[in-house]
Amino acid sequence: MNFNFLSPVSDSVLAHNELLSQQSLGKKLKIHTTTHGIPDLDDVNIVILGVLENRNHIDYIGEAFNLNEIRKSFYALYPGSWNTVVADIGDINKGETTEDTYFALKETLSVLIAKNIIPIILGGSQDITYANYRAYDSLIPMVNIVNVDCEFNLGDSSKPIKNNSFVGKVILDQPYNLFNYATIGYQTYFNSQEEIDLMEKLYFESYRLGQVSGDVTIVEPVMRDANIVSIDLNSVKASEVSLNQKYSPNGFDGKEICAISRYAGISNKVSSLGIYEYKPSKDDEITTMLIAQIMWYFIEGVNYRVNDDDFLDDDNYQKFITLVDSQELIFYKSVKTGRWWIEIPFLSKVNNKLKRHTLLPCMHQDYIDACNNIVPERWYKAFQKNSV
């Protein structure tokens with residue numbers, strides 16, 4: 001594999017790594033170094049990839065940017081009982097323009113994802129998610145994005161892309177590959193009513209902070225159907241991070257954001273994770289440790305993935321049929337894991353690109369609701385989206 005765009009992990013991080021325990025993660029990783037170059041990735045399942053780009057942040061002032069402190073925190077952790085092999089392949093530096101950085105990231109991710117290697121992208125501004133999305137153009141016909149964020153980031157697609165407006169570009173730029181966009185943890189007062197209405201009009205999914213904090217398990221089916229997961233650190237409440245990172249008194253706590261990351265890891269479909277909006281500071285051990293733990297829980301989830309979505313063999317699932325307002329709803333429950341799906345039979349008739357979406361992940365509660373003549377919201381939105 002040829003990764004011309006990558007620069008090695010810094011010597012200061014490697015020097016720090018030398019002082020760590022032999023059992024620490026830093027001693028278990030394959031690391032891109034100046035001396036040895038990019039490691040062999042043939043047996044690697046997950047890579048850590050830094051992107052030193054933050055020029056499209058709305059408050060960009062030209063500050064220096066690196067990810068060294070995150071790496072030091074992550075390397076110092078201890079691995080779980082994992083079978084996954086992890087590599088740190090270094091950073092993509094700022095290009096001459098942000099478009100150059102996007103191109104470098106897109107090309108790098110396309111190679112990794114095609115090889116079934118899951119990248120954990122450590123970025124500056126969240127508009128990098130757009131380049132992540134474009135990496136799938138030649139890989140799969142339709143893409144699902146989950147954004148863990150207090151804002152929708154829809155913005156005005158006619159204006160230059162920014163970290164708070166990249167989703168408009170995702171929706172409207174060709175080729176049109178977006179199937180579903182979901183926001184987890186949005187806070188109403190950070191979003192205009194026009195954006196809230198647009199999310200409804202497009203039949204995208206949105207889960208308020210209070211909903212998720214009340215029952216974090218509701219994100220599991222959403223993650224199970226995601227290809228890309230993008231985490232904005234501004235979704236975390238101020239008391240959980242350092243002064244340099246503070247954004248809002250409300251948001252996810254450390255346990256919740258790590259649980260969400262683990263659900264992303266467990267999903268058989270998630271093939272890239274991005275963590276964005278980190279503001280570097282050498283005196284910020286709290287934030288870097290939180291990011292390190294978010295990464296740890298994602299890897300933990302990947303390690304415990306179970307292939308439970310093979311519905312060709314009748315022995316792998318139980319089938320349940322219920323009637324809601326004269327509409328027959330068909331549910332499937334995995335024998336292995338107890339996870340649920342709901343069938344959306346019309347999709348393959350409407351758009352040939354969408355055949356893989358004929359089974360939509362759901363919760364047991366959705367089946368109970370259907371038995372009580374309540375149409376599951378995820379099913380309804382998928383139905384409406386493909387009936388227009």
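## Cysteines kept apart

The sulfur of cysteine 362 lies 11 Å from the closest cysteine sulfur, that of cysteine 371, which is too far for a bond. A disulfide here means a pair of cysteine sulfur atoms within 2.5 Å, and the structure holds zero of them. Cysteine 258 has its closest cysteine sulfur in cysteine 150, 18 Å away, again too far for a bond.

Both residues are buried (under 20% relative accessible area; exposed is over 50% and partly exposed in between, with a 1.4 Å probe and protein chains only). The relative accessible area is 3% for cysteine 362 and 5% for cysteine 258.

## About the model

This is a predicted model, in which local features need pLDDT of at least 70, side-chain atom pairs count only at pLDDT 80 or more, and totals for chains, interfaces and linings use all residues. Residues are numbered from 1 along each chain as its sequence is written, and side-chain values use heavy atoms, leaving out hydrogens and water.

Helices (H or I, at least four residues) and strands (E, at least two) are DSSP runs, numbered from the N terminus. Helix 10 (residues 254–266) packs against helix 11 (residues 285–303) at an angle of about 35°, with axes 7 Å apart; axes are lines fitted to C-alpha atoms over the stretch in contact, and angles run from 0 to 180 degrees between N-to-C directions. Among the residues making the contact are Ile257, Cys258 and Ser261 of helix 10, and Leu290, Ile294 and Tyr297 of helix 11.

How much of helix 11 is buried? The count is 14 of its 19 residues, so helix 11 is largely enclosed by the rest of the structure.

Helix 3 (residues 68–75) has eight of its eight residues buried, so the rest of the structure largely encloses it. Its buried residues include Glu69, Arg71 and Lys72, along with Ile70 and Phe74.

## Loops to look at

Asparagine 116 sits in the loop between helix 4 (98–114) and strand 5 (118–123), and at 67% relative accessibility it counts as exposed. Asparagine 153, in the loop between strand 6 (143–148) and helix 6, is buried, with a relative accessible area of 3%.

Further along, the peptide bond from glutamine 174 to proline 175 is cis, with omega near -5°. Proline 175 belongs to the loop between helix 6 (166–172) and strand 7 (178–186).

Key
Contact means heavy atoms within 4.5 Å.
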